[in-house]
Amino acid sequence: MSRCFEAALAAILSLGACVATAADRYPGVGRPATPAEVRAWDIDVRPDFTGLPKGAGTVERGMTVWEAQCASCHGVFGESNEVFTPIVGGTTADDIASGRVHALVSGASPQRTTMMKVATVSTLFDYIQRAMPWTSPKSLSPDDVYAVLAYLLNLAEIVPADFELNERNIGEVQARMPNRNGMRTDHGLWPGAAAAQGGMGNGGKPDTKSVACMTNCKPAPQVVSILPAYAQDAHGNLAEQNRSIGQTRGKPTVAAGGVAPAAGGNGPLALAQARGCMACHGVASKLVGPAYDDIAAKYRAQADAEARLLSKLKTGGQGVWGTVAMPPQAHVQDDELRQLVRWILAGAQAR
Amino acid sequence: MANRDARPGRLRPAPENFLSDADIQLVQQGRRDFLRKALLGASAAMALPAAHAVGEAGEAAILELPPWSTSLGQPVAANPYGMPSRFERNLVRRESPGLTRVGASSVAFTPLQGLFGILTPSGLHFERHHQGWHDVDPARHRLMINGLVKTASVFTMDDLMRLPPVSRIHFIECGANTGMEWGNVAVPTVQYSHGMLSCSEFTGVPLRTLLDFCGADYRKGRYILAEGADGSSMTRTIPMELVESGEVLVAYGMNGEMLRPENGYPLRLVVPGVQGVSWVKWLRRIEVGDAPWATKDESVHYIDMMPDGSHRQYTSVQECKSVITTPSGGQMLLDRGYYNISGLAWSGRGRIRRVDVSTDGGINWREARLETPVLSKALTRFNIDWVWDGKPAILQSRASDETGYVQPGYGQLRAVRGTRSIYHNNAIQSWKVVESGEVSNVQVL
């Protein structure tokens with residue numbers, strides 16, 4: 001990245017002289033980026049740690065950040081499968097030693113966790129920094145990103161509980177990533193130059209070499225898989241997912257009046273879905289957070305219920321329903337929050 | 001005309017005649033609860049429309065003039081932005097229940113079962129977001145190009161839309177399309193099995209123009225990183241060879257209008273032949289670099305698991321594939337007789353050369369007609385005549401592209417890649433037709 005800073009700086013210092021020839025074709029179009037602009041957006045971190053900001057964070061500090069901002073979706077130990085696939089689990093001390101996750105080979109683990117797959121620790125830093133937390137991405141300071149990452153690495157037993165992760169020792173952590181030797185690029189699906197030409201992959205050689213046989217290609221077709229009966233109506237009424245004219249009709253798979261999974265709609269339920277509330281809450285059932293029915297039952301009788309719940313949505317809360325924290329819902333407008341609170345207190349009907 | 005009601009395209013009285021005698025017995029014995037329920041629904045949904053009843057003098061649809069022939073219609077611009085007919089409400093983007101837990105990181109599938117030709121209506125283009133979509137203010141949107149360039153630069157939408165544009169038709173397919181079917185049949189219809197697939201005319205500026213403008217170091221900079229402006233700031237590594245070919249576009253137009261917000265308004269990358277995740281939406285930045293980035297969506301997701309437990313990284317090309325869109329899973333043939341088997345074929349490596357269709361599960365094949373245009377890295381529509389004799393059939397299509405590659409069957413593909421991958425399933429799709437006319441999703445070796 002320092003190269004690009006220099007390039008940008010050079011461009012600004014000697015604008016007239018330095019403009020590339022190609023830019024002359026389109027006078028008046030575009031402008032040089034300032035160094036501050038490049039710094040603001042160029043946040044990527046590569047496997048060789050190009051782009052990694054300076055900073056440090058302990059496992060202990062990471063736990064604090066995690067429980068406040070991450071655990072509501074990922075679980076306290078990064079193990080939750082409620083909202084996203086689990087981050088931690090399925091790796092062993094042997095994997096850390098060998099750099100290959102045995103459970104991927106043996107098929108022992110039904111879930112493939114992030115730690116089982118990811119080969120490069122830079123990937124985790126980059127992603128946490130750019131995209132997390134879910135509802136307020138890019139809000140963590142570099143120190144907090146180091147801390148959260150240290151916490152996750154500790155949960156996966158890659159670093160000890162008293163570890164402080166920083167830009168100097170992250171390379172040592174890389175050498176302990178459980179699946180660091182689990183990736184390969186010797187395939188035909190990379191559309192650039194082959195490894196032999198300094199790129200990656202085999203230059204586009206396909207895995208299969210099928211022949212277009214035209215007659216008597218096999219004795220009989222062998223049907224090896226069909227849709228099980230219980231799954232026939234799992235996608236709603238197929239009759240309502242096909243045109244009502246033409247050479248075919250959709251097969252009725254739900255008795256008349258059945259609910260098909262049509263998207264969209266208006267009203268508070270659609271709003272709750274659109275704002276991500278339903279990721280953690282159900283109307284009648286507890287998911288990560290409490291069910292709306294339970295919230296209504298608890299608060300309905302209280303005179304200041306609306307104001308209290310509004311404040312909880314805005315600032316976050318923890319402890320009333322368990323240890324998993326409710327993060328502040330800064331991405332939702334005030335009037336929408338009010339609409340949602342009233343809807344929940346009124347019984348959260350799907351209207 | 002005595003046999004009028006047996007003509008193709010004519011609904012037979014529902015529901016009994018859709019089933020064989022044996023099937024009816026099963027239903028009566030209560031051994032197929034699902035089917036029985038379905039038929040209860042069928043009797044309502046499939047009742048013969050009055051207009052289909054042909055009396056002695058002729059059809060009511062002709063003899064009795066309808067309101068639209070006998071009254072004044074609506075004025076112009078009653079719908080300032082036109083919408084499909086109210087009779088077309090069934091064909092919408094839909095989610096696959098249970099596939100994801102969070103709508104902001106999910107998929108809405110294109111209803112391929114009802115589409116014609118090769119272009120996907122913009123409102124039906126499939127959706128795949130990683131952290132929700134935004135309607136980005138184009139006046140505040142910027143594209144930055146930095147890294148191994150002489151002049152790191154910033155472009156406004158005004159800038160980009162001043163530059164000489166190109167318009168090209170290309171397919172976009174999610175790398176996970178058909179991913180639910182690696183191990184076994186999982187979904188009922190082509191919307192869910194193949195609907196992470198769309199094709200549009202995209203308009204924009206070749207990325208090469210912009211990299212030339214900034215003085216990219218093409219000798220050292222053999223990779224680019226594309227980055228989005230949304231919360232996920234999606235990032236993907238793309239080889240410079242594709243950019244140099246001139247095919248990679250910084251696009252703002254789709255099917256004659258601006259991109260839809262769900263598809264990246266006001267700016268997205270178009271990377272023909274490559275899986276959709278690399279077509280970064282709400283594109284804010286291109287960095288030129290000398291090594292791949294191993295971003296989250298090329299290190300944790302969009303990696304292809306092999307039978308030995310290793311993962312293939314940077315798998316990008318969407319290999320040659322095809323699917324029959326009608327008749328297809330979840331549909332019912334109305335009667336014996338003539339049908340047009342129609343489908344789509346595409347290849348991330350170039351033009352479709354031919355498509356063969358089998359109606360006997362792959363024993364014998366016939367070459368289908370390719371409809372024009374047949375464009376590189378675009379959907380190609382194929383059609384072929386079929387007269388259904390009322391007997392069980394298994395419909396398959398098999399595409400070949402201009403490189404000579406032939407779409408593989410499940411047996412061939414699994415022999416190399418196993419069944420635990422999610423991505424790049426381009427196996428031959430099979431639809432089974434039974435005597436009742438019901439079509440269902442099956443896998444055939």
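Cys213(A) and Cys217(A) are joined by a disulfide (a pair of cysteine sulfur atoms within 2.5 Å), with their sulfur atoms 2.1 Å apart. The structure is a predicted model, in which local features need pLDDT of at least 70, side-chain atom pairs count only at pLDDT 80 or more, and totals for chains, interfaces and linings use all residues. Residues are numbered from 1 along each chain as its sequence is written, chains are lettered from A and ligands numbered from 1 in the order in which they are written, and side-chain values use heavy atoms, leaving out hydrogens and water.

**Cysteines**

- Over all chains, the count comes to one disulfide.
- The link of Cys213(A) and Cys217(A) is left-handed, with -100 degrees about the S-S bond.
- Cys213(A) is partly exposed, at a relative accessible area of 28%, and Cys217(A) is partly exposed at 27%; buried means under 20%, exposed over 50% and partly exposed in between (1.4 Å probe, protein chains only).
- Cys320(B) is buried, at 0% relative accessibility, and its sulfur is too far for a bond, because the closest cysteine sulfur, in Cys199(B), is 14 Å away.

**Helix packing**

- Helices α14 (residues 292-299) and α16 (residues 334-345) of chain A pack at an angle of about 80 degrees, with their axes 8 Å apart.
- The two helices, α14(A) and α16(A), are therefore roughly perpendicular, a term for angles of 65 to 115 degrees.
- Their contact (heavy atoms within 4.5 Å) involves Tyr292(A), Ile295(A), Ala296(A) and Tyr299(A) of α14(A), together with Trp343(A), Ile344(A) and Leu345(A) of α16(A).

How values were computed:
Axes are lines fitted to C-alpha atoms, for helices over the stretch in contact, and angles run from 0 to 180 degrees between N-to-C directions. Helices (H or I, at least four residues) and strands (E, at least two) are DSSP runs, numbered from the N terminus. Angles under 35 degrees count as roughly parallel, over 145 as roughly antiparallel, 65 to 115 as roughly perpendicular and the rest as oblique.
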